[in-house]
Amino acid sequence: MPLLSFELQPTKPRPASPPNDVDTPKKPWTAYILTAGTVLFLLSPHPSFIKVLVSFYLKEKKAKTAFFTHLTIFYFLSFVAFTSLIVVLARDPGPVDPVVAQQEEDERFGYGQTTRVMEDEEEEEVDGSISLNDMLMSSQDRGRKQDDRSFGWTGNGERRWCQKCWAPKPERCHHCSVCGRCVLKMDHHCPWLASKCIGHRTYASFVHFLLASTLLSIYGVFITVAPIRHYLNFSVIVEVDDSTPFHVLFLGLEGLVFSFTIGSFWAYHAYLISTNQTTLESLTPFLLLRHLSLKPDVGDIPPETELSVKPSISGTSEEESPFYFPSPPANQVTFSQSLGSSASSLPSKLLEHELTSNQRRLIRRAAGKIRMYDLGWKNNWKEVFGGNKRRRQWWSWWMWLIFTGGVSNGDGYRFQFNPEAESKLEKLAAKLETTK
């Protein structure tokens, strides 16, 4: 029998794709009106900039060195702002693969670890050389495989499930009602950038765009300092056919306005990066409810009620399909369910609308102190801008970082947790139980 056969083999009919694979409807042209305003903002200072540069620095001051220096820096910042803007508009913010999301949820609750470990051991050779599976894995995946112990957080025992996409929901993933889809590590929905979401794959370029736009505005103000000081020394600063002072005022005022508006926006995101938060996590303190662990000891849980369902993408018949997903799985036994209704005044699952005003106030205060993903400001910045550093040459990585903002580290499905957050959550849960 030949080793290779080119005969067509009968194939099984492909099952229907999950809802996440359905193409999103095309956006109306009105969604790009604000995007045109963003591009207009980047182009608006250039006519005044050229007028000031030629009329004042080149013709009047005869300063060729200053002329070429300002020209180079200004257009370098403009080019960098446009490249990062193009990346944000062209790149998907964070597509969710439902198969990978289901695997991550299985591993998070300890259902899929045994099978994967057995497969890895079968592929490893006796002499300890690298296996074929590890050779095909990216550096991020290999690093993630080694750091699996850092990701074993199960929160309140609830498996995340998107009721609109009807698919598993990875950590820090949110469903955007405008885009009609889930986005990995969704930060916010931005109407100014083609009405797209800012997520795991575009957040680095988005922050880079804010920084480049802020520096461009500040530099525009800096260029107008010398002309303003020059024109203030004259009693009549406007000649009949000289419009340079008006361009100086326009460039300076526009630069001041956008320096404060966009600059403050960038400063806010710099704070979010330093504390490893997203905009949604910062503005929604009740997201802490999904991390509160109100579980009894293992010995207190009856054996027949520990786990009634162990969903996984592997199985028989229709479950063999990678596009098969079960119904939202049952939650683990919680504190109130195991010890009875008299054991705690809280429900088995903390819901925002069932909390009292005092409990809401307590959670709002705790949200400003509990940073679930804060690993220190250095590691937090590396997580956003430090992706692909090992897989690229140093000069290529720095060029990609300078011109586009680089890429975020990791795959967007798993995130390391702050080791100090667990003890703070336990204290918060104890206070919530005694607060009425």
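## Basis

The model is predicted: local features need pLDDT of at least 70, side-chain atom pairs count only at pLDDT 80 or more, and totals for chains, interfaces and linings use all residues. Residues are numbered from 1 along each chain as its sequence is written, and side-chain values use heavy atoms, with hydrogens and water left out.

## Overall makeup

The chain holds 16 helices and 6 strands. These are DSSP runs numbered from the N terminus (helices: H or I, at least four residues; strands: E, at least two). Of the 436 residues, 44% are buried. Buried means under 20% relative accessible area, exposed over 50%, and partly exposed in between (1.4 Å probe, protein chains only).

Among contacts with a separation of 6 or more, 76% join residues 24 or more positions apart. A contact means heavy atoms within 4.5 Å. The accessible surface comes to about 25,100 Å², by the Shrake-Rupley method with a 1.4 Å probe; for residues, only the protein chains shown count as cover. Carbon and sulfur atoms own 60% of that surface.

## Salt bridges

The whole structure has 7 salt bridges. Each is a side-chain nitrogen of Lys or Arg within 4 Å of a carboxyl oxygen of Asp or Glu.

One of them pairs Arg 414 with Glu 104, with the closest N and O atoms 2.4 Å apart. Arg 414 lies in the loop between helix 15 (394–404) and helix 16, and Glu 104 in helix 4 (residues 98–108), so the pair ties together parts 310 residues apart in sequence. Both residues are buried.

## Around strands 2 and 3

Glu 171 bridges to Arg 160, the closest N and O atoms being 2.0 Å apart. Glu 171 sits in the loop between strand 2 (167–168) and strand 3 (174–176), and Arg 160 in the loop between helix 7 (139–146) and strand 1 (161–162), so the link spans 11 residues in sequence. Glu 171 is buried at 6% relative accessibility; Arg 160 is buried at 12%.

Glu 281 bridges to Arg 172 at 2.9 Å between the closest N and O atoms. Both are buried. A network of salt bridges links Arg 172, Lys 185, Glu 281 and Glu 383.

## Positive patch

Arg 361, Arg 364, Arg 365, Lys 369, Lys 424, Lys 427 and Lys 431 form a positive surface patch. Patch residues have over 30% relative accessible area and no salt bridge, with like charges joined within 9 Å. Helix 13 (357–367) and helix 16 (421–434) each supply at least two of the patch residues. Arg 365, in helix 13, is exposed at 59% relative accessible area.

Technical notes: Patches are made of residues with over 30% relative accessible area and no salt bridge: like charges are joined within 9 Å, nonpolar side chains (Val, Leu, Ile, Met, Phe, Trp, Tyr) within 5 Å. Lys and Arg count as positive and Asp and Glu as negative; His and the chain ends are not counted. The place of a charge is taken as NZ of Lys, CZ of Arg, CG of Asp or CD of Glu.
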